[in-house]
Amino acid sequence: MKAILLAGGQGTRARPFTDYIPKSMIPIEGKPVIDHVVRFLARSSVVDEIFIVCEFDVLGKQIINYFEGKDNLIPKKILFIEDHKYGTAGALLRAEESLRDGDEPFLVWFADNLCALDVKDLIRHYYTLTAQVVNSKKTITGIIVTRKHRYEETGRVTIDSNNNDRVQAFIEKPIASLESPEALGIYLFSNRIFQYLHQQELNVRDEKKSFNLSHDILAHIPSAGGNLYSYSLDTKIEWIDIESPVYADRNKEIINTIIDQMRIAYP
């Protein structure tokens, strides 16, 4: 299976840091976040090749230069695809030519997300769903990795129902159960996703705006008759989007847990 890492984008939430370095190069335990993701996927027996979609400008070159000369340290082939600054959907579309051969699904992973995802189980889930689809017109488009819980960054209080000024309990940074599962920026797609990418690209190009995977593609697939499914993380598996160096520093404990989980998953 091929894995596509999306490592372009503006990284506006991480400015001014991302004025000088790509968001996926934010250091975590002395290594860029993308290094942790690449090494994690490279140790998986089901991943054959890793493609990194990034800009080939001054900032993007930092990613390319970082991985040069590391062939002996990373056991899988790493290839680079140029991101033309056309949004996340446009970045994925750039990878189409590299994914044309074969019918197997491919992994898409935003390169600033850390998670010890059980990739083998995700693929098993995909093929289980595929076996249940009889009509070829209803083939699976993709699976969105989700979670049903989230660590809150602030404390929560319980208010006395008979007295709105009285606090009955204070909970510091609780784990909240989510009514609607949260999408985590990790996907498993079939090649059918490119049909939707090309269809929506025509509309977006006319409007001359950025081409977004979430807003312009995934939000429209269910109403267009496509089949998207959810793969929910086990409650013990953590996930985090490294939004900025400051955010990473505030969440050191969770990040350390994830890094340990990633090492245990593929020693």
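**Figure 1. One helical turn separates D35 and R39 in helix α1.** Within helix α1 (residues 33-42) of this predicted model, D35 and R39 are four residues apart, a separation of about one helical turn. Their side chains meet in a salt bridge, with an N to O distance of 2.6 Å. D35 is buried, at a relative accessible area of 0%. R39 is likewise buried, at 19%, a value that falls under the 20% limit for burial.

**Figure 2. A salt bridge joins D241 and K23.** The two side chains meet at 3.5 Å, N to O. D241 belongs to strand β13 (residues 239-241), whereas K23 sits in the loop between β1 (2-6) and β2 (27-28), so this pair ties together parts that lie 218 residues apart in sequence. Both partners are buried: D241 has a relative accessible area of 13%, and K23 has one of 15%. The pair also belongs to a network of salt bridges that links K23, D112 and D241.

**Figure 3. E29 and R263 form a salt bridge.** The side chains of E29 and R263 meet at 2.9 Å, N to O. Because E29 lies in the loop between β2 and β3 (31-32) and R263 in helix α8 (residues 252-265), the pair ties together parts that are 234 residues apart in sequence. E29 counts as partly exposed, with 42% relative accessibility, and R263 is also partly exposed, at 44%. A search of the whole structure finds 10 salt bridges; among them are the pairs D35 and R39, D241 and K23, and E29 and R263.

**Figure 4. The largest nonpolar core contains 55 residues.** The members that touch the most others in this core are L5, I34, L41, I52, W109, L114 and L117. Helix α1 gives the most to the core, contributing seven residues. In soluble globular proteins, nonpolar side chains tend to be buried together.

**Figure 5. Contacts surround W109 in the largest nonpolar core.** Leaving aside residues up to four places away in sequence, W109 touches I4, L5, L6, V37, F40, L41, C115, L117, G185 and I186. Of these contacts, L5, L41 and L117 are, like W109 itself, listed with the residues that touch the most other members of the core.

Note on methods
Residues numbered from 1 in each chain as written. Predicted model: local features only at pLDDT ≥ 70, side-chain atom pairs only at ≥ 80, totals over all residues. Heavy atoms only, no water. Salt bridge = Lys/Arg side-chain N within 4 Å of Asp/Glu carboxyl O. Helix = DSSP H or I, 4+ residues; strand = E, 2+ residues; numbered from the N terminus. Buried < 20%, exposed > 50% of the residue type's maximum accessible area, 1.4 Å probe, protein only. Core = buried A, V, L, I, M, F, W, Y, C linked by side-chain atoms within 4.5 Å. Contact = heavy atoms within 4.5 Å.
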